[in-house]
Amino acid sequence: MLTKEVLPLYGKEMEHLLCDVNKAEESFVGQGRMGILRNDDAINGVRVSGGTVVEIGTVLFAEVLGRTLAGRPLLSTRRLFRRIAWHRLRQIKQLGEPIQVIITEWNTKGLLTRIEGLRAFLPKAELVKKVNSFTELKENVGRRMHVQITQVDEAKTNLILSEREAWEKLYLREGTLLEGTVKKILPYGAQIRIGETNRGGLLHVSNITRGRITSISDILAVNEKVKVLVVKSVSPDKISLSIADLESEPGLFLSNKERVFLEAYMMAKKYREKLPPAFTSQRPESLPNNVLPFENEALYANWKWFKFER
């Protein structure tokens with residue numbers, strides 16, 4: 001087995017792992033820190049004493065790539081675990097639940113991270129907060145965020161993510177209380193921008209208050225801060241917002257906005273208590289084995305040793 005088929009390292013990873021103990025001893029010697037020592041003699045071609053990559057007796061799972069000219073099997077742990085990683089990603093996508101990642105890199109088109117050791121791309125159009133400059137995009141490096149896997153293509157090595165879809169699943173659930181800003185007054189309601197995101201929703205005139213409204217512009221103004229409740233929408237792909245469901249008395253928003261927003265948390269809690277049990281609670285703890293089988297399992301010895309968990 002070639003050394004490169006044991007250590008699944010890539011260029012960017014090596015940059016962070018290479019350490020100079022003499023120059024950065026304090027930063028290198030720390031609890032939980034791992035690194036590869038840079039050997040300038042070896043890099044310059046000077047003969048140096050080597051060492052074993054793995055100890056004798058270590059159990060390695062590997063895939064047979066072929067045979068060497070001498071007839072010995074050519075093995076690769078890297079290839080096997082990449083194949084398993086792609087399988088895990090297909091499982092995660094099928095579960096349809098947001099996962100948390102750490103952003104490691106950026107480019108002009110979006111952000112990059114690693115999931116199960118594989119490189120994943122998050123287009124800037126799929127970010128919750130609108131990015132206006134490369135500086136704002138770069139500031140996301142090192143940040144933790146929830147993402148949804150939207151595309152898994154092992155043949156093209158494409159792994160595409162969306163923060164926007166993850167945010168919608170986490171926060172745009174019926175009964176969620178949100179803060180927003182009135183961005184536009186319409187004849188049939190108001191357009192609300194949610195928080196500091198680029199997401200918005202319609203506050204229909206029928207959901208502003210249970211009282212009688214003569215003119216929407218009389219009770220709402222552009223750039224006004226409001227609290228809204230996510231309610232069931234007629235269209236499954238859209239969200240509806242409501243202030244009327246936060247009123248403890250019909251028409252209270254017309255006479256006392258401050259009281260409505262002050263009681264918003266309590267009224268939202270009462271609204272959620274009336275909802276049926278969430279659909280997510282009915283999901284199985286794990287995928288059945290026959291839902292997404294690993295391709296060609298019969299080709300792999302000791303396959304039962306691998307256990308995939310959520």
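The following is a dialogue about how the terms used for this predicted model are applied to its residues.

Trainee: What kind of model is this, and how are its residues numbered?

Mentor: This is a predicted model, in which local features need pLDDT of at least 70 and side-chain atom pairs count only at pLDDT 80 or more, while totals for chains, interfaces and linings use all residues. Residues are numbered from 1 along each chain as its sequence is written, and side-chain values use heavy atoms, with hydrogens and water left out.

Trainee: How do you know that the span of helix 4 agrees with its number of residues?

Mentor: Helices (H or I, at least four residues) and strands (E, at least two) are DSSP runs, numbered from the N terminus. The expected span of a helix is 1.5 Å times one less than its number of residues. Helix 4 covers residues 77–95, which is 19 residues, so it should span 27 Å; the end C-alpha atoms are 27 Å apart, and the two values agree.

Trainee: What makes S76 a cap of helix 4?

Mentor: A side-chain oxygen of S76 lies 2.9 Å from the backbone nitrogen of R79, at the N-terminal end of the helix. A polar contact is a pair of N or O atoms within 3.5 Å; within protein, one must be able to donate a hydrogen and the other to accept it, and residues adjacent in sequence count only if both atoms are side-chain atoms. Just after helix 4, G96 takes a positive phi of about 70 degrees.

Trainee: Why is T209 called buried?

Mentor: Buried means under 20% relative accessible area, exposed over 50%, and partly exposed in between (1.4 Å probe, protein chains only). T209 has 4%, so it is buried. Buried residues of helix 4 include L80, I84, W86 and L89.

Trainee: Where is T209, and what does it touch?

Mentor: T209 is in the loop between strand 13 (200–204) and strand 14 (225–231). Not counting residues up to four places away in sequence, T209 touches A244, E247, G251, F253 and L254, where contact means heavy atoms within 4.5 Å. The side chains of T209 and E247 are joined by a polar contact of 2.6 Å. A polar atom of the T209 side chain also lies 3.1 Å from the backbone nitrogen of G211.

Trainee: Why is R67 called exposed?

Mentor: R67 has a relative accessible area of 61%, and is therefore exposed. R67 lies in strand 3 (residues 63–67), and a polar atom of its side chain is 2.7 Å from the backbone oxygen of G71. Leaving aside neighbours within four places in sequence, R67 is in contact with R72, P73 and L74.

Trainee: What makes R119 and E105 a salt bridge?

Mentor: A salt bridge is a side-chain nitrogen of Lys or Arg within 4 Å of a carboxyl oxygen of Asp or Glu. The closest N and O atoms of R119 and E105 are 3.6 Å apart, and the pair forms a salt bridge. R119 is in strand 8 (residues 118–123) and E105 in strand 6 (residues 105–107), 14 residues apart. R119 has 45% relative accessibility, so R119 counts as partly exposed; E105 has 16%, so E105 counts as buried.

Trainee: How many salt bridges does the structure hold?

Mentor: The structure holds eleven. One of them joins R164 and E126, with the closest N and O atoms 3.0 Å apart. R164 lies in helix 6 (residues 163–171) and E126 in the loop between strand 8 and helix 5 (134–138), so the pair ties together parts 38 residues apart in sequence. E126, R164, E168 and R199 are linked in a network of salt bridges. R259 and E263 also meet in a salt bridge, at 3.0 Å from N to O.

Trainee: Why is E116 called partly exposed?

Mentor: The relative accessible area of E116 is 41%, so E116 is partly exposed. E116 lies in the loop between strand 7 (110–115) and strand 8.

Trainee: What is the phi of E116?

Mentor: E116 has a positive phi of about 55 degrees although it is not a glycine. Most residues other than glycine have a negative phi. T157, also a residue other than glycine, has a positive phi near 50 degrees, and T157 is found in the loop between strand 9 (144–153) and strand 10 (158–162).
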